[in-house]
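Hi,

Here is the structure you asked about. Please open it first, then read the notes below.

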Amino acid sequence: MTVSRAAKGPQLRERRTGNARVNRVNLSFDDTEYKVVLTAANRDGEMALGAWIAR
């Protein structure tokens, strides 16, 4: 039996080795913008929203 990607939860961006990241970005969206970004992230391989934005 194969488990679908959706059943496993969102796909996370793979970790990079090297220096720790100290710079952070905080993003704000209104409801419409958030829906657009979330839909795009889900369409592109069930990625977690933060991972999709980072890519």
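This is a predicted model: local features need pLDDT of at least 70, side-chain atom pairs count only at pLDDT 80 or more; totals for chains, interfaces and linings use all residues.

**What I found**

Ile53 sits in helix α3, residues 49-54. Its relative accessible area is 36%, so Ile53 is partly exposed. Patch residues need over 30% relative accessible area, and Ile53 has 36%.

Next, the charges. Arg16, Arg21, Arg24 and Arg55 gather on the surface in a patch of positive charge. Arg55 is found in the segment after α3. Arg55 counts as exposed because its relative accessibility is 62%.

Now the salt bridges. Side chains of opposite charge can pair when their charged atoms come close. The count here comes to 1 salt bridge. Asp44 forms a salt bridge with Arg43, and their closest N and O atoms are 3.2 Å apart. The cut-off for such a pair is 4 Å. Is Asp44 buried, partly exposed or exposed? Asp44 is partly exposed, at 36% relative accessible area. Arg43 counts as exposed, at 61% relative accessibility.

Last, confidence. The mean pLDDT of the protein is 78, and 78% of its residues reach 70 or more. Which element has the lowest mean pLDDT? That is helix α1 (residues 5-8), with a mean of 60. Helix α2 (residues 31-43) has the highest, at 92.

Best wishes

Terms used: Residues are numbered from 1 along each chain as its sequence is written. Side-chain values use heavy atoms; hydrogens and water are left out. Helices (H or I, at least four residues) and strands (E, at least two) are DSSP runs, numbered from the N terminus. Buried means under 20% relative accessible area, exposed over 50%, partly exposed in between (1.4 Å probe, protein chains only). A salt bridge is a side-chain nitrogen of Lys or Arg within 4 Å of a carboxyl oxygen of Asp or Glu. pLDDT is the predictor's confidence in each residue, from 0 to 100. Patches are made of residues with over 30% relative accessible area and no salt bridge: like charges are joined within 9 Å, nonpolar side chains (Val, Leu, Ile, Met, Phe, Trp, Tyr) within 5 Å. Accessible areas come from the Shrake-Rupley method with a 1.4 Å probe; for residues, only the protein chains shown count as cover. Lys and Arg count as positive and Asp and Glu as negative; His and the chain ends are not counted. The place of a charge is taken as NZ of Lys, CZ of Arg, CG of Asp or CD of Glu.
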